[in-house]
Amino acid sequence: MEAAITRSDSIITAYRDHCTYLARGGDLVSAFAELMGREGGCSRGKGGSMHFYKKDANFYGGHGIVGAQVPLGCGLAFAQKYKKEDTCTFALYGDGAANQGQLFEALNISALWKLPAILVCENNHYGMGTAEWRAAKSPAYYKRGDYVPGLKVDGMDVLAVKQACKFAKDHAVANGPIVLEMDTYRYHGHSMSDPGSTYRTRDEISGVRQERDPIERVRKLIYAHDLATAAELKDMEKEIRKDVDAAIAKAKEISMPDASELFTNVYKKGFGVESFGPDRKEMRATLP
Amino acid sequence: MLGVARRRLGSGTVLGQLMQTLRPAAAPRTYSAAAKEITVREALNSALDEEMSADPSVFLMGEEVGEYQGAYKISKGLLDKYGPDRVLDTPITEAGFTGIGVGAAYHGLRPIVEFMTFNFSMQAIDHIINSAAKSNYMSAGQISVPIVFRGPNGAAAGVGAQHSQCYAAWYAHVPGLKVLTPYSAEDARGLLKAAIRDPDPVVFLENELLYGESFPVSAEALDSSFCLPIGKAKIERQGKDVTITAFSKMVGYALQAADILAKEGISAEVINLRSIRPLDRAAINASVRKTNRLVTVEEGFPQHGVGAEICMAVVEDSFEYLDAPVERIAGADVPMPYAANLERMAVPQVEDIVRAAKRACYRAVPMAATA
């Protein structure tokens with residue numbers, strides 16, 4: 001996606017936002033620090049796993065309420081058009097969120113007002129533990145826009161994704177909203193408390209990994225076109241793993257946020273009102 | 001036998017209400033001396049099971065309640081036992097499925113709508129308030145809504161601002177709703193069964209961190225006819241120096257605070273509110289009239305919160321009995337931070353309750369000394 005767009009285009013997604021943040025130019029250390037709740041985190045430890053942002057790269061988070069990010073994304077598109085930026089917004093959501101009513105409300109308005117909004121359904125076929133056919137009467141998510149055109153894309157093929165996003169951007173800026181359905185998969189469970197194996201077979205998971213893994217496909221392409229040798233790729237992977245380990249180690253050394261941070265950023269403009277801790281006579285602060 | 005009589009009468013009739021408060025008299029069985037312990041999770045599961053068994057119009061709907069066995073395993077085993085017509089997995093569409101639940105209640109069914117957390121109930125709050133709470137009034141009694149909205153409420157651990165809010169004050173604000181907040185396993189069983197049998201919409205606020213906690217339960221509480229009255233608080237611990245009101249997880253904290261206070265010669269009376277709407281004003285006032293001092297404890301944001309209402313209830317009925325200003329312990333007045341150290345500062349801790357109780361007790365110091 002990033003290869004097809006610029007940092008002036010906006011991206012907004014739900015809670016599976018760690019890699020989106022990195023792709024928008026976020027660094028490993030601040031990502032890990034945020035997960036650990038350290039002050040060096042991208043949200044200074046106050047947002048957490050589900051709330052990564054990078055406003056200077058037009059990445060608007062990081063949202064915990066399923067579906068909410070889609071009307072927000074259409075709002076970003078509204079502002080882009082209002083300000084005549086000739087940019088577009090990619091609002092990402094999952095197959096679980098695809099049934100949310102607010103999507104259709106926002107899509108209707110986006111179509112009426114020709115907003116440069118691209119709704120991207122990352123269809124990994126499961127909403128937590130519920131398979132798509134049990135949640136959607138029509139799991140053809142690219143068609144769910146009805147009067148809004150939609151494209152189905154092999155989400156595990158990086159070049160297909162790039163082409164689709166390029167096409168979508170051109171379309172959205174010129175004509176208004178479009179839906180992209182990215183056919184993809186989730187290897188792990190929904191969250192730390194979901195083993196991910198009670199609602200599907202391990203064979204299914206390993207089958208997808210073997211046949212459709214996007215990184216493995218890129219590896220095959222690289223070999224096929226003699227762009228690098230196996231040894232070179234292995235070295236690259238070793239380097240990357242080292243970088244990641246180093247970033248984790250560095251993040252662990254960053255301190256937790258200072259106690260005063262409890263009261264910062266409640267408002268942009270606090271008018272000097274007071275805010276309180278659990279025992280208001282013990283802990284209070286003036287909001288600037 | 002009494003249980004059967006209760007169910008036949010239902011809780012809609014006066015006699016039914018009376019039967020609900022009667023305790024089984026000479027039950028023809030021996031109770032084991034050792035107290036059995038069950039978790040809150042088991043308590044809720046057994047309550048759901050028993051009420052679904054007793055009344056075929058009771059059904060459960062929500063995300064992952066069926067095949068997944070419940071996001072927190074509260075509904076474990078129910079799909080297998082009652083089938084997909086009565087245990088329904090919904091898509092992630094709170095506004096839609098809550099409206100559907102309320103509509104089903106209009107037409108005589110008794111739905112239990114589960115929210116994975118009450119944070120998500122905000123997507124459906126129009127139906128809870130405008131479609132459920134107000135219907136009996138607007139229709140002059142024609143359309144009553146025997147529905148239960150249940151799920152975890154308040155802060156869990158490290159889930160951030162959008163997943164940690166307490167909605168007790170929000171829902172308790174609305175006439176037409178009943179709002180219950182169980183603490184122990186006995187509370188969970190008795191209040192959920194009462195909620196399901198109640199003919200009005202009940203918001204049942206559980207707590208994720210309490211699900212795994214075990215509590216001793218009496219044989220009476222384990223009986224399938226067991227029910228707790230709605231609108232009645234429980235004195236968890238008798239005391240004479242200061243009243244501490246709390247609900248849900250904070251009851252445990254208040255009890256710990258009472259232990260610490262006892263060592264310092266302060267005898268705290270801990271009230272487990274159990275019911276936020278109706279609020280047991282009588283019990284709270286009776287306690288304050290005895291102790292003359294009050295500390296309210298809640299997890300939610302302080303402004304316009306449950307403690308504010310309790311304070312007013314006492315000022316209105318027992319002002320002359322107060323020997324000290326009412327103290328309020330609540331969640332910090334900020335969105336819930338993610339970092340563990342900030343989160344700890346944003347949620348009431350036992351020491352906050354102890355400190356406030358001590359302030360309430362030493363307030364008798366002459367004003368000159370504090371100048």
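Buried, in these legends, means under 20% relative accessible area, exposed means over 50%, and partly exposed lies in between (1.4 Å probe, protein chains only). The model is predicted, so local features need pLDDT of at least 70 and side-chain atom pairs count only at pLDDT 80 or more, while totals for chains, interfaces and linings use all residues. Residues are numbered from 1 along each chain as its sequence is written, chains are lettered from A and ligands numbered from 1 in the order in which they are written, and side-chain values use heavy atoms, with hydrogens and water left out.

**View 1. Glu2(A) and Arg24(A) meet in a salt bridge with an N to O distance of 2.8 Å.** A salt bridge here is a side-chain nitrogen of Lys or Arg within 4 Å of a carboxyl oxygen of Asp or Glu. The pair links distant parts of the chain, 22 residues apart: Glu2(A) is in the segment before strand 1 (10-12) of chain A, and Arg24(A) is in the loop between helix 1 (18-23) and helix 2. Helices (H or I, at least four residues) and strands (E, at least two) are DSSP runs, numbered from the N terminus. Arg24(A) counts as buried at 0% relative accessibility, whereas Glu2(A), at 22%, is partly exposed.

View 2. Glu216(A) is partly exposed at 32% relative accessibility; Arg219(A), at 19%, counts as buried.

**View 3. Chain A meets chain B.** Contact (heavy atoms within 4.5 Å) involves 46 residues of chain A and 41 residues of chain B. Six salt bridges are counted between the two chains. One of them joins Glu327(B) to Lys281(A) at 3.2 Å, N to O. Strand 8 of chain A gives the most to the side of chain A that touches chain B, with three residues.

**View 4. Ring pairs link seven side chains of chain B into a cluster: Phe97(B), Phe115(B), Phe118(B), Phe149(B), Tyr167(B), Trp170(B) and Tyr171(B).** Rings of Phe, Tyr and Trp (its six-membered ring) pair if their centres lie within 6.5 Å; planes under 30 degrees apart count as stacked, over 60 as edge-to-face and the rest as tilted. Tyr167(B) and Trp170(B) have ring centres 5.2 Å apart and planes at 85 degrees, so this pair is edge-to-face. Tyr167(B) is buried at 1% relative accessibility, while Trp170(B) is partly exposed at 41%.
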